[in-house]
Amino acid sequence: MKFLIVGLGNVGNEYAHTRHNIGFDVVYAFVAKHGGQFKVDRLAYVSEVRFKGRTFVCICPTTYMNLSGKAVKYWMDKEKIDLPDVLVVVDDLALPLTRLRLRPGGSDAGHNGLKSIQETLGTTEYPKLRFGIGSSYPKGRQVEFVLGKWSKEEEPLVKMKIDKCVEVIENFSTAGIAATMNKINNVEFTL
């Protein structure tokens, strides 16, 4: 059993720990929990970890968000991982900060990273874990909001949700996507 876990984000210190890089932060947390180390490899930071007899190839693409699909396709092909065993972790403006949503497919919802993956793979039918970042920004300030850092008030909830995402990745691999969706999709996360 082999899985490809993809965290979407942008490389560079100016993007570190921004809302748009939550995919990186979730995958870093998953790898850290399971004692892995990242190395720079083709198109991505890559780490391989094991959990309950399963192998996880974890990548954070170094292609920048708009070309994420190149890294996903390369590592799927290299590691011979099928679409249902790929999980892409991504920020989502349409979901409040209190929510996570796991789905086996679905549109890119205007997200450039997902758009790139969809174009490269030729399908929207691959699992996505959407991390709600909310949309509390003034009109016309979406880019600044998405590329901005979490507020001090948001940080404890973000940390809690990152830990929950690590569990979601584990459950996705052991219990399957349907059971994991039932467990997570209707939960309102609060401190």
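1. Which residues of helix H6 are buried? They are Thr180, Met181 and Ile184, in a helix that spans residues 177-184. Buried here is under 20% relative accessible area, exposed is over 50% and partly exposed is in between, with a 1.4 Å probe and protein chains only. Helices (H or I, at least four residues) and strands (E, at least two) are DSSP runs, numbered from the N terminus.

2. Before going on, some housekeeping. This is a predicted model, where local features need pLDDT of at least 70 and side-chain atom pairs count only at pLDDT 80 or more, while totals for chains, interfaces and linings use all residues. Residue numbers start from 1 along each chain as its sequence is written, and side-chain values use heavy atoms, with hydrogens and water left out.

3. Back to H6. Asn182 and Lys183 are exposed, on the face turned away from the buried side. The cover over the buried residues includes strand S6 (100-103) and helix H5 (155-174).

4. S6 has its own two-sided pattern.

5. What does S6 pair with over four bridges? Its partner is strand S7 (residues 128-132), in the antiparallel sense, and Leu100 stands opposite Phe131. Two strands count as paired if DSSP finds at least two bridges between them. S7 is mostly covered, with five of its five residues buried: Lys128, Arg130 and Gly132 point one way, and Leu129 and Phe131 the other way.

6. Now the whole sheet. Seven strands make an open sheet with mixed pairing, in the order S2-S3-S4-S1-S5-S7-S6. Strand S2 (39-41) and S6 are the edge strands, each pairing on one side only. The twist averages 25° from one strand to the next.

7. Further in, strand S1 (residues 2-7) and strand S5 (residues 86-92) pair in the parallel sense over four bridges, with Leu4 partnered by Val86. S5 and S7 also run parallel, joined by five bridges, and Val89 has Leu129 as its bridge partner.

8. Beyond its neighbours within four places in sequence, Asp92 is in contact (heavy atoms within 4.5 Å) with Arg130, Phe131, Gly132, Ile133 and Gly134.

9. The largest pocket holds about 430 Å³ of space. Its 21 lining residues include His20, Gly110, Asn112, Gln142 and Val146, which lie nearest its centre. S5, helix H3 (112-121) and helix H4 each supply at least two lining residues. For the definition: on a 1 Å grid over the protein atoms alone, a pocket is an open set of points where a 1.4 Å probe fits, with protein on both sides within 12 Å along at least five of seven lines, and lining residues have an atom within 4 Å of a point.

10. Gln142 belongs to H4 (residues 142-146) and is partly exposed, with a relative accessible area of 39%. Leaving out neighbours within four places in sequence, Gln142 touches Leu93 and Tyr137.

Key. Axes are lines fitted to C-alpha atoms, for helices over the stretch in contact, and angles run from 0 to 180 degrees between N-to-C directions. Grid points are joined across faces, edges and corners, and a volume is the space filled by probe spheres set on the points.
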